[in-house]
Amino acid sequence: MDLVWLIPALPLAGFITLVVVGRRLGDPLAGWLGTAAVGASFLATAKVFNDLQALPAAQRTIHQVLFTWIPAGSFRVDIGFLADPLSITMCLFITGIGALIHLYSVGYMKGDPNYSKFFVYLNLFVASMLLLVLGDNLVLTFLGWEGVGACSYLLISFWFSEEANASAGKKAFVTNRIGDFGFMLGTFLLWVTIGTVNYVDMPAKVGGIASVTATAIVLLFFLGATGKSAQLPLFVWLPDAMAGPTPVSALIHAATMVTSGVFLLTRLNPLLEKAGWANEVIAWVGIATALVAALAAVAQNDIKKVLAYSTISQLGYMFLAIGSGAFVAAIFHMITHAFFKALLFLGSGSVIHSMDHEQDMRRYGKLQKYLPITSITFLIGWLAISGVPPFSGFWSKDEILASAFNSEHLGPLKWALGVVVAILTAFYMTRLVIMTFFGDKEKWRTPLDAEDDVAIPDDHAHGHHLSPDHTPHESPLTMTLPLMVLAGLAIVAGFINLPFSARLESLANWLEPTLAVQHEALGGGALALLAVVAITGAAVGIFFAYRTYQQHKVDPATIEKPAFAHALYIDETYAKVAGGPGEDAFQGIADFDAGVVDGAVNGVGSLTQGLGRRLRPVQSGLVRSYALVIAGGAALLLAFVVMRMSV
Amino acid sequence: MLAAIQLTLDETWYLVLAAMIFAIGATGLLVRRNPLVMFMCVELMLNAVNLTFVTFAKALNDVGGQVVVFFVMVVAAAEVVVGLALVVAIMRRRQGADADDISLMRG
Amino acid sequence: MRVEMFVFLVSACVCLGGALGVVLLRNPVHNALSLVATLFGVAVLFVAQGAYFLAAIQVIVYAGAIVVLFLFVIMLLGVDRAERLGMEPIAGQRVAAVIAGVAILGLSLTALLAGAQRVTGAESSLAPLDPGVPDINRLGQVLFTDYVWAFEITAVLLTVAVVGAVVLARRSPGPPIDTDEFPDGTVPDHWEAEYDAAIAGDGTGGGSAVDAPAIDAPEAVATADTEEVAG
């Protein structure tokens, strides 16, 4: 029972140990230590999971309070952990995938001069993420939220000697901060309304909130979620975050940190029930983001950027599910997405590693014969994300589309857009797979000028010039083992929530106690029809990509439009506004601060100084002047007495 | 008010005299520059006060006034001793100095 | 009654005359002598009020010791030179001083004469001055019972004053402060020679204050006299 605190404590201990002795342990011991810490945390999680399963469904929570952190009158915040089905599920895949990625990094980061620092940050990240998930109140969640933001910054700009990487880290941090502002305001508003921020007390008190307040609170928290989970309008940091090492992209920007927003809204589901049209906002923002990101992914040439936009798009699906009230579907897709996206990222890392850090897909081609394990596992991930049954992605995506169809306002429209996104997903993933592993020639063998590329200039070209004689070779076992494990999970993960019967919906049953209200699902017939449409869409996407990139029957330039590549120029617009009028506004504020505020403060100082300077000559040092003043004072006193006297 | 000026010698006369001596002493203190003369003016003021106390002691039939005068005299003596020692110490360095010359402690 | 009035008036005149003399005369020795006159007048007034012991103390301590001390210092430092009363370095000091003095006088008189109760306070029942008991007995009784603490403290005070005076008036070893005035270092004889030279040089200049009142007529003579005494 009392093992819950171990779950975040073990990675934290790993962090502290590595801070102290990491540099001395060096390559690869520091990596093994970090992996062991997270692995041990996974074992603790499994044990707690077991314990929870043994409990009857209604009481399936373990609430462990360590001590009181902030006792401030009526506002109390404890360091406490709430292990209920939702948080334990998240802990399982956070620690599981985290351990696998740590293992992968042991091989990937080999030879890096800051090897141990990487694991320091990774361990701290896992600890913060677990704190976020296990915290029993909003303040602890926020602590973890900020912690993962900080680690994300540290890890994105890990190779900060190159300016682009440092800027990417800053961009991520600043964008997240905007979202955090929403989180904080939401917390304050919630506390003012119901007087508690503790998840245990919340469901009981939420009933009394007015709908307007609930809507406001939910929208504020959603702003925080858009920052962390890279939705419109704050998604611009995620593509740039690919500047970090690939394990970071896999762990943070695919499987864990970016899902915090989804987790937060699921945790606050009692509020969402009361929030009315805020749910519509969430759903529409989700589907819009999914669409924009999918279009952007179609035109990217950097393998990691494709996956980044893909992540944004899949997160959009999850928010669509939340907005439609299907929390189980969102969590389900979160889990399956974690597996196959991590798999895809790690696979791409393996490719990048073997291609001498070249990330432009136009230099790849026919890698399947050099990288057998990588390509097979990658293909499994591809099938999963494209929504091909019986791989996991199909089941979760289908559930989301069904709940979208079933939602109250314009359900079919949302569903249709979702299907479009699914087609695009299949399309760009197939494009990626073909350009990388198949195709008809090994493009890096040909020197660059011979290519008449009409492609959009990729700002990610590292300037590595892959020599035409380069022969890629498969990655070591430390890197391929996680790939294999994740591939297996990507295949079977779908089976935890099959819609065929109530008994097979084990995830839904498991999560039921944490959700306030259950939404009725579609009947079997309608469900099957929607499924068929989805599968058809996937097939269409795959086929079309095959025609374009393998058979070369369609010119890519018609599809890969520049507007798509720049994600509809949203990022550029932000830059223009912030750099142009935005900067003027900020300069104005800064001038106001320096002039008025500082001026006032300094003015008080100089006023005092001036006054002092003018008053100084009063002290002339002449005794007789002083005596005169004393005599004058005595005369005044006498006058006072005389005036008060009765005549 | 005029009725108050009687021709009997009561304590008011003494008090008026003391007030006059005090005022003269105060003015002298402010006007003169020689430190020793300034000291003497202080003595004048103290004497005026002593006179006042004794007058009140007589008028109120209380010996406390005389006790105060006693102590005033003792303290005045001590004060004069220290004060003159100071004057000696200062004047020895800068002969011909008066109160206005000792003005180093200015703002 | 008339005797008392007469005594009072004469003493008052002496006091006031002495006071004015202290303030207005230029030669410090004259000032000291005027002070003696005032002290004496006050002593007489003490006697008239029945404070015989205090009158005696007044004469012995004040007139006899304090004024003598003053004269010692005057002689010691050679400050028998007249002060230049004609000029006033601080602007407006004189005017302000007169105003302050007049104000104090006027207000005190107003307070004394115009008030409804001219003598405030109740008669004390604690320590009455009996006509039967001599004042010195009464004083002694009270001093050593009610005020014994203050009495002892004043003893300490006097001791401290003496010690302080000795320390302050000591000639400190080492060169004088103005080392650019006395570049050769401690030579008290050197200093004395300078001093004598300064006295001799100023002897003619110091006495001739230009627009002083007629009081200073015997001024030059007095200066010359004291010079000869000191030299």
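Two strands pair if DSSP finds at least two bridges between them. I take helices (H or I, at least four residues) and strands (E, at least two) as DSSP runs, numbered from the N terminus. The model is predicted: local features need pLDDT of at least 70, side-chain atom pairs count only at pLDDT 80 or more, and totals for chains, interfaces and linings use all residues. Residues are numbered from 1 along each chain as its sequence is written, and chains are lettered from A and ligands numbered from 1 in the order in which they are written.

**Hairpin, chain A.** I looked up β1(A) (residues 62-72) and β2(A) (residues 75-83): they run antiparallel, joined by nine bridges. They form a hairpin with two residues between them. In the turn, A:G73 has a positive phi of about 65°. I found A:F67 opposite A:I79 in β2(A).

**Helix pair, chain A.** Next I checked α15(A) (residues 372-386) against α18(A) (residues 477-492). Their axes (lines fitted to C-alpha atoms over the stretch in contact, angles from 0 to 180 degrees between N-to-C directions) come within 9 Å and cross at roughly 30°. That makes the two helices, α15(A) and α18(A), roughly parallel (angles under 35 degrees). Residues in contact have C-beta atoms, placed from the backbone, within 7 Å. Among those that meet, I noted A:I373 and A:T377 in α15(A), and A:L483 and A:A487 in α18(A).

**Chains C and B.** I then turned to the contact, which takes 80 residues from chain C and 67 residues from chain B. On the side of chain C that touches chain B, α4(C) gives the largest share, 13 residues.

Definitions and conventions
Two residues are in contact if their C-beta atoms, placed from the backbone, lie within 7 Å. Angles under 35 degrees count as roughly parallel, over 145 as roughly antiparallel, 65 to 115 as roughly perpendicular and the rest as oblique.
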